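Please find below a note on the model shown here.

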Amino acid sequence: MKFKAILFTAALTASSLAFAQSGPPEGKALVGDTYGDQVNSSAESKAITVEKLTKQLKKDNKKVENVSVKGKVTDVCDKKGCWLTIQTEDNSKFFVKMKDYAFFVPTALKGKNVVLEGNAERKVTSVNEQKHYAEDAKKPQSEIDAITQPKEEIRFVANGIKVVN
């Protein structure tokens, strides 16, 4: 019985270490690399601009499902690679999370053009959530303290992400 307990403890420890992640995944985020679900060529060719997504969200009652969007990555979570931001035409940004927290992206994705597949919506983000993400992004404390109002923004939940030219 004692042997089974030791074996169980060893197996549990090994599996915990296998799934523990101390930071974003390694990788150079080269053109053609994908994260999450495969982004096929038809999705890539149908990808809309961030500007078109914004217009579609205003028209379609604040939510668009199964959409492909092309944009430039401006930031990636330094802690795990669990979120990123995409540059918009008006130099603001929109926030991207990975569906079901099922995959992460390397910080090398910063500055790269990507095609995202997933769902988008306009959502009000609380002050606490904005501050949390600003802390993850290692923003200066003065910038974090300046967050005092909830804001409506585009939120995207990605099923898959592909690096493109």
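1. By class, the lining of the largest pocket comprises 14 charged, 10 nonpolar and six polar residues. Here Ala, Val, Leu, Ile, Met, Phe, Trp, Tyr, Cys and Pro count as nonpolar, Asp, Glu, Lys and Arg as charged, and the others, Gly among them, as polar. The space in this largest pocket is about 710 Å³. Of its 30 lining residues, Thr85, Lys93, Phe94, Lys151 and Glu153 are the closest to the centre. At least two lining residues come from each of α3 (50–59), β3, β4, β5, α4, α5 and β6. A pocket is an open set of points on a 1 Å grid over the protein atoms alone, where a 1.4 Å probe fits, with protein on both sides within 12 Å along at least five of seven lines; lining residues have an atom within 4 Å of a point. Grid points are joined across faces, edges and corners, and the volume is the space filled by probe spheres set on the points.

2. On provenance, this is a predicted model, in which local features need pLDDT of at least 70 and side-chain atom pairs count only at pLDDT 80 or more, while totals for chains, interfaces and linings use all residues. Residues are numbered from 1 along each chain as its sequence is written, and side-chain values use heavy atoms, with hydrogens and water left out.

3. The chain has five helices and six strands, in the order α-β-α-α-β-β-β-β-α-α-β along the sequence. Helices (H or I, at least four residues) and strands (E, at least two) are DSSP runs numbered from the N terminus. Of the 165 residues, 37% count as buried, that is, under 20% relative accessible area with a 1.4 Å probe, protein chains only. Among contacts (heavy atoms within 4.5 Å) with a separation of 6 or more, 74% join residues 24 or more positions apart.

4. The largest nonpolar core has 27 residues, and Leu53, Leu84, Phe94, Leu109, Phe156 and Ile161 have the most contacts inside it. Such a core is a set of buried Ala, Val, Leu, Ile, Met, Phe, Trp, Tyr and Cys residues joined through side-chain atoms within 4.5 Å. Two or more of its residues come from each of α3, β2, β3, β4, β5 and β6. A second, separate core of seven residues includes Cys77, Trp83, Tyr133 and Ala137.

5. There are five aromatic pairs in the structure; rings of Phe, Tyr and Trp (its six-membered ring) pair if their centres lie within 6.5 Å, and planes under 30 degrees apart count as stacked, over 60 as edge-to-face and the rest as tilted. The pair Phe94 and Phe156 is tilted, because the ring centres are 6.2 Å apart and the planes are at 40°. Phe94 lies in strand β4 and Phe156 in strand β6, so this pair ties together parts that are 62 residues apart in sequence. Phe94 is buried at 1% relative accessible area, and Phe156 counts as buried at 1%. Ring pairs also link Trp83, Phe95 and Tyr133 into a cluster.

6. Val67 belongs to strand β2 (residues 63–76) and is buried, with a relative accessible area of 9%. Beyond residues up to four places away in sequence, Val67 touches Ile48, Leu53, Leu116, Glu117, Gly118 and Phe156.

7. In helix α4 (residues 127–136), the buried residues are Val127, Glu129, Gln130, Tyr133, Ala134 and Asp136. These pack against β3 (83–87), β4 (93–98), β5 (113–125), α5 (141–145) and β6 (151–164).

Terms used. Buried means under 20% relative accessible area, exposed over 50%, partly exposed in between (1.4 Å probe, protein chains only).
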